[in-house]
Amino acid sequence: MRVRKAVIPAAGYGTRFLPATKAQPKEMLPVVDKPIIQYVVEEAAQAGIEDILIITGRGKRAIEDHFDRTLELEYHLQQQQKDDLLDRVREIADLVDIHFIRQKQPLGLGHAILQAWRHVGDEPFAILLGDEIFTGAEPCLVELIRQHERHGGSVVAVREVPREQVSRYGIVRAEPMGGRLHRVLDLVEKPDPAHAPSTMAVVGRYIVDPGIFPILADLPPGHSGEIQLTDGLRTLLRRSPVFAYEVESERYDVGEKLGYLRATVEFALAREDIGPAFREYLRSLNLEPAREPDGPGR
């Protein structure tokens with residue numbers, strides 16, 4: 001069955017970016033001039049996804065507003081004859097059919113995905129984490145959909161990470177199938193580096209069999225007292241194959257500060273309108289260690 005629907009969990013508090021995220025969702029933080037979540041939605045649309053459900057929480061209304069029409073702004077841009085900006089604003093609302101539902105309690109990623117059961121139904125679906133951006137010759141999700149069409153089952157995106165970082169990820173134990181594809185034998189959520197089964201980490205893109213939903217509904221809390229998607233996939237692989245694919249796309253973890261800054265700099269450098277001037281500015285910097293500025297701007 002073709003993958004038509006996607007789920008984007010975006011209900012987290014964004015505590016790593018406080019105080020900036022005290023009154024706005026972290027998914028709405030801009031990378032240059034586009035919010036993080038728009039990059040994620042655009043990737044889904046480019047991969048042929050027709051229907052997206054975004055899982056939100058309290059204080060996330062700005063995400064819904066961003067993907068809605070803004071008639072007053074459109075009228076203003078039209079009157080100012082700013083046709084390029086008008087087209088860009090209208091395109092946001094026309095990318096793909098987008099729906100929203102709230103996760104009323106922050107009980108983990110698995111619990112967030114469970115909120116999509118009624119919307120997704122009994123067909124395979126994509127999951128795109130709302131704080132990770134992927135770039136490359138083709139969308140990361142296209143890579144996973146291609147493997148799903150060839151092999152069925154569920155497919156998770158993976159990348160090798162340094163062993164000292166495995167406690168930040170779900171880690172797979174897998175056997176190679178040739179090329180970048182592996183068959184998953186086991187998954188462990190945030191293992192101790194000394195006992196991790198590998199250094200192959202699950203990153204923020206998945207194609208998942210709908211059989212995950214009844215599993216998540218019955219799953220007891222795991223790591224940190226939350227319902228973990230990794231634990232659900234671990235149960236699922238006993239009933240349906242789960243594959244791991246080492247994606248070629250470049251990954252930016254914009255849910256943490258260094259990844260966010262890296263994405264901002266590299267995306268700005270790639271822009272034709274500001275890239276050359278920004279590159280010259282970076283060359284002019286004195287990159288010796290500097291202390292934080294004092295005063296109100298701190």
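Mentor: Two residues are in contact when they have heavy atoms within 4.5 Å of each other. Helices (H or I, at least four residues) and strands (E, at least two) are DSSP runs numbered from the N terminus. The model is a predicted one, in which local features need pLDDT of at least 70 and side-chain atom pairs count only at pLDDT 80 or more, while totals for chains, interfaces and linings use all residues. Residues are numbered from 1 along each chain as its sequence is written, and side-chain values use heavy atoms, with hydrogens and water left out.

Let us begin with a pair of helices. Val 265, Ala 268 and Leu 269 of H10 meet Gly 275, Phe 278, Arg 279 and Leu 282 of H11. Helix H10 covers residues 257–270 and helix H11 residues 275–284; their axes lie 7 Å apart, at an angle of about 125°. Here an axis is a line fitted to C-alpha atoms, for helices over the stretch in contact, and angles run from 0 to 180 degrees between N-to-C directions. H10 is therefore oblique to H11, given that angles under 35 degrees count as roughly parallel, over 145 as roughly antiparallel, 65 to 115 as roughly perpendicular and the rest as oblique. By class, five nonpolar, one polar and one charged residues make up the contact of H10 with H11. In this scheme Ala, Val, Leu, Ile, Met, Phe, Trp, Tyr, Cys and Pro are nonpolar, Asp, Glu, Lys and Arg are charged, and the others, Gly among them, are polar.

A residue is buried when its relative accessible area is under 20%, exposed when over 50%, and partly exposed in between (1.4 Å probe, protein chains only). A nonpolar core is a set of buried Ala, Val, Leu, Ile, Met, Phe, Trp, Tyr and Cys residues joined through side-chain atoms within 4.5 Å. The largest such core holds 38 residues, and Ile 37, Ile 52 and Ile 54 have the most contacts inside it. Among the elements that give two or more residues to this core are strand E1 (5–9), H1, strand E4 (51–56), helix H7 (140–151) and strand E8 (154–160). Ile 54 touches, among others, Ile 8, Ile 37, Phe 67 and Phe 100, leaving aside residues up to four places away in sequence. In soluble globular proteins, nonpolar side chains tend to be buried together.

Glu 43 sits in helix H1 (residues 36–46) and counts as buried because its relative accessibility is 4%. Beyond residues up to four places away in sequence, Glu 43 touches Leu 128, Phe 134, Pro 139, Cys 140, Leu 141 and Arg 205.

The aromatic rings come next. Rings of Phe, Tyr and Trp (its six-membered ring) pair if their centres lie within 6.5 Å; planes under 30 degrees apart count as stacked, over 60 as edge-to-face and the rest as tilted. The count by this rule is six aromatic pairs. Phe 17 and Tyr 260 form an edge-to-face pair, 5.5 Å centre to centre with 75° between the planes. Phe 17 lies in the loop between E1 and strand E2 (30–31) and Tyr 260 in helix H10, so this pair ties together parts 243 residues apart in sequence. Phe 17 is buried at 9% relative accessibility, and Tyr 260 is buried at 15%. Phe 125 and Phe 213 have ring centres 5.1 Å apart and planes at 10°, so this pair is stacked. Since Phe 125 belongs to strand E6 and Phe 213 to helix H8 (residues 212–218), the pair links parts 88 residues apart in sequence. The relative accessible area is 0% for Phe 125 and 0% for Phe 213. Tyr 39, Tyr 252 and Phe 267 form one aromatic cluster.

Six of the eight residues of helix H9 (residues 229–236) are buried, so H9 is largely enclosed by the rest of the structure. Those buried residues are Leu 229, Thr 230, Gly 232, Leu 233, Thr 235 and Leu 236.
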